[in-house]
4 protein chains.
Amino acid sequence: MTAIPDKQTNSTDFAVTALRDRIFRGAIAPGTRLLEVPLAKDLGISRTPLRQALLELEREGLVERKTTTGFVVRSLTFSDVCDAIDLRGLLEGAAARRAAERGVPDAMIAQMNETLNRIDTALTGAPGKFDLTGYADGNRDFHHLIVDAAQSRVLRDEIARAETLPFSSPSAFLLSQRDDLPFQRSLLTSQAQHRAVVDAITRREGARAENLMREHARIALTNLEYIMGLERSARQQVPGLALVVD
Amino acid sequence: MTAIPDKQTNSTDFAVTALRDRIFRGAIAPGTRLLEVPLAKDLGISRTPLRQALLELEREGLVERKTTTGFVVRSLTFSDVCDAIDLRGLLEGAAARRAAERGVPDAMIAQMNETLNRIDTALTGAPGKFDLTGYADGNRDFHHLIVDAAQSRVLRDEIARAETLPFSSPSAFLLSQRDDLPFQRSLLTSQAQHRAVVDAITRREGARAENLMREHARIALTNLEYIMGLERSARQQVPGLALVVD
Amino acid sequence: MTAIPDKQTNSTDFAVTALRDRIFRGAIAPGTRLLEVPLAKDLGISRTPLRQALLELEREGLVERKTTTGFVVRSLTFSDVCDAIDLRGLLEGAAARRAAERGVPDAMIAQMNETLNRIDTALTGAPGKFDLTGYADGNRDFHHLIVDAAQSRVLRDEIARAETLPFSSPSAFLLSQRDDLPFQRSLLTSQAQHRAVVDAITRREGARAENLMREHARIALTNLEYIMGLERSARQQVPGLALVVD
Amino acid sequence: MTAIPDKQTNSTDFAVTALRDRIFRGAIAPGTRLLEVPLAKDLGISRTPLRQALLELEREGLVERKTTTGFVVRSLTFSDVCDAIDLRGLLEGAAARRAAERGVPDAMIAQMNETLNRIDTALTGAPGKFDLTGYADGNRDFHHLIVDAAQSRVLRDEIARAETLPFSSPSAFLLSQRDDLPFQRSLLTSQAQHRAVVDAITRREGARAENLMREHARIALTNLEYIMGLERSARQQVPGLALVVD
């Protein structure tokens, strides 16, 4: 096979970004059948890069391939989203257990603690005055370090896949809730869990590390339940919520 | 998008089967770059169904897409295979826990017990005289019932995906070891674990159901270690082992 | 056997209280051999109630019977105390799992939630202004409710026994740290764990309930490590710390 | 306190053995009040060693002290016995997890494997021809090694206590079922669990070691359920079953 030429790659990337955006905004509704010919025309690209883009979105869980009708926009139930969050907890829990059981080099433990210190700095002061961007950065780094520490290509790939589902990423709700006080308080609980996970890995307590990481993922569930209880107008500002049908 | 015409679907299916077979037999070595033009010509099909086939094999974990060079045959280490088996145990364990926690209708419990009775029948007599096809059928049904009982679309999809990886299916080693006595004895242990899982689900003991199911998956690991210790000629008869590089 | 007459019971109770107090204050040092004759004389009671009292203190883990020399005051290492805290977490975790697995009547779930609401009230306002007596009351009731919900005489007895060891009770450090700010903040984490345990029991998620309860017990460990790092004079105010030898 | 003189110790030991035997045989029924004066006379000893003996039997869980009426023979329900078996699994599971997490010296791992090899030897040949005394010896040594490997005085004491309850010892049903074929087959499952526990400890997989050990204890539960289904005459030959009221 010859490598895909640059122009086609660019068209594919463009289509992925454009379609992901439309789906997240609800501009294309859940369940909509994606007709290839008009869609390619609409995006101003040819069918081959469009199909590549649809396959990428399928991998992200945003569209599904039906044998008879081609691709349709995925339609998620509330319970699908809960299950996807649980799945991430399951996989990250396995990564944390594995890291604890096999041991982690001192340098990586030091990196974990340094990351936790950065998060502490972001949470200085009273709830309401936290540095949320700093928190989100540290949080993302922490979750990556746990995956690195597991040293398993299989787990890394699965966790990467699980995070592409809407809402199941560790950062899913972070930036959509800037000004909410209960949410900001919940970051203190999250950070206490981060600390406990690193403590468990350092002591090589795998069962504890796994269970803490699972429980940690459930904070996203609490956030989701909170958001689902909001007014429709507020819910529309949460990216990807358009995929969830009642 | 118009539905894929039948002829193309048939060509795709043909290519998937042919390539999977070549890869499993080792006729195409791990790491080989799959050049699209000569490969399509060799299979006597056009490039569009070939690309569909490659995407399907990518989903099965047999080939990988590299951004610069296109598709290559996957090269698995022994430790990748171990991780894939652990992953299946993790996911099936979550399914069993969920079934236990949420409760399973009596009719489904009855189906589980009926399946276990069929496996018992297949294991009548002394090791060496077992009905291995009967065992494999019952075993496959048992694993499907656990997934059904979890009632989670997300878990079902993930388990289906995890099982496509070579060796990670619950039936992975069943038919390649017909005449081996220690292997036949290990089926008694497997069946004891099946019984304990159903007992735990019936009593709604989720932690126990999860842990039993995880441990159950590790029997595949023991079988794998056993096979890796065999002579090269014996190993070549195990489908998919060709993907594993030392 | 005739019932023990009241007078003797009173002498026994008196001796238990007096000796427990001396041991907790460090007035009788760890490892001290308790000579029956002078001790009975000192307490102004006869030897039979004294021996009953010593057997009671043995049951509480404060004295040990040596076959050759009679009773001696127990001498605990730091690691013994850690293990005793872990033991309580293990047993309370089993109680919470059991409650979740077997199900808890709605009326008892309501009692749990009412108790959690009382604790919330005690934690109104900023750390430093909490109602610690209210917290301690609610905390004690919460732990009792978890034990009740398990409906196991065996677990109830074991948990009661485990709590008599110094520092291993859920209330162990509550009243000795009134004015400490980090300690008061840790009560918010504890209460978040209480809420999560009741959520898990309500959803019949036994594995989760068990793991949360285990993690909850570890807060006592954190408190213990904190106290062991204090000045000797501050440590002397913590009841029972006199038993811990370096 | 002066050491207890030899004569009294001997009388105490004599009384413990005699009373334990009567209780296990059912010669003294569950719930019977033990009157001290006639009992001492009947055994031909004085009241002081008798009371020591009763305190020892209380510690073993065979008699209970009631505040108003003195000692009575304990009366266990079937569910108490199940809970006691679960308790042993919980504690031994914690010991195995701890050993795995903290690591075990190579020499002790070697001892474990040597013990497992001895058990394998006892299980040579077909079920029905096993060396049950050899199995019981190896089994006892294996359980002691797990406790040793945990290096926790607290866990050791708790496990020793938990094993004194009738039926909850790892050897509880071993010698009462010599000729029973299904029972002999269950020994193969037990030994597979022993092997898996040592494998988990060696790999430092604490969660797995804990869960295997818990499941291992449940074999006693299966045996108990089997025995409770036997004819009354067969049940009377099982020591301690007399304590269990329907």
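**Group meeting: a predicted four-chain model, element by element**

Good morning. In chain A of this predicted model, buried residues account for 54% of the 246 residues; buried means under 20% relative accessible area, exposed over 50%, and partly exposed in between, with a 1.4 Å probe and protein chains only. Because the model is predicted, local features need pLDDT of at least 70 and side-chain atom pairs count only at pLDDT 80 or more, while totals for chains, interfaces and linings use all residues. Residues are numbered from 1 along each chain as its sequence is written, chains are lettered from A and ligands numbered from 1 in the order in which they are written, and side-chain values use heavy atoms, with hydrogens and water left out.

I begin with chain A. Chain A contains 10 helices and four strands; here helices (H or I, at least four residues) and strands (E, at least two) are DSSP runs, numbered from the N terminus. Read from the N terminus, the order is α-α-α-β-β-β-α-α-α-α-α-α-α-β. Of the contacts in chain A between residues at least 6 apart in sequence, 74% join residues at least 24 apart, where contact means heavy atoms within 4.5 Å.

One loop residue in chain A deserves attention. Gly128(A) sits in the loop between helix H5 (106-122) and helix H6 (132-150). Is Gly128(A) buried, exposed or partly exposed? Its relative accessibility is 48%, so Gly128(A) counts as partly exposed. From C-alpha to C-alpha, Gly128(A) is 8.3 Å from Arg185(A), although 57 residues separate the two in sequence.

I turn next to a helix pair in chain C. Helix H4 (residues 78-102) and helix H7 (residues 153-164) of chain C pack at an angle of about 155°, their axes 9 Å apart. Axes are lines fitted to C-alpha atoms, for helices over the stretch in contact, and angles run from 0 to 180 degrees between N-to-C directions. H4(C) and H7(C) are therefore roughly antiparallel, the term for angles over 145 degrees; under 35 is roughly parallel, 65 to 115 roughly perpendicular, and the rest oblique. Which residues meet here? From H4(C) they include Leu87(C), Leu91(C) and Arg98(C), and from H7(C) they include Leu155(C), Ile159(C) and Glu163(C). By class, this contact has seven nonpolar, no polar and five charged residues.

Also in chain C, Thr115(C) belongs to helix H5 (residues 106-122). Thr115(C) counts as buried because its relative accessibility is 2%. Beyond its neighbours within four places in sequence, Thr115(C) contacts Gly138(C), Asp141(C), Phe142(C) and Leu145(C).

Now to backbone geometry. Most residues other than glycine have a negative phi. Arg204(C), not a glycine, has a positive phi of about 60°. Arg204(C) lies in the loop between helix H8 (181-202) and helix H9 (206-228) of chain C, and at 21% relative accessibility Arg204(C) counts as partly exposed. In chain D, Arg204(D) has a positive phi near 60°.

Finally, chain B. Ala209(B) is in helix H9 (residues 206-228) and is buried, with a relative accessible area of 0%. What does Ala209(B) contact, leaving aside its neighbours within four places in sequence? The partners are Ala96(B), Arg97(B), Ala100(B), Ala200(B) and Ile201(B). Thank you.

Note on methods: Nonpolar A, V, L, I, M, F, W, Y, C, P; charged D, E, K, R; others polar.
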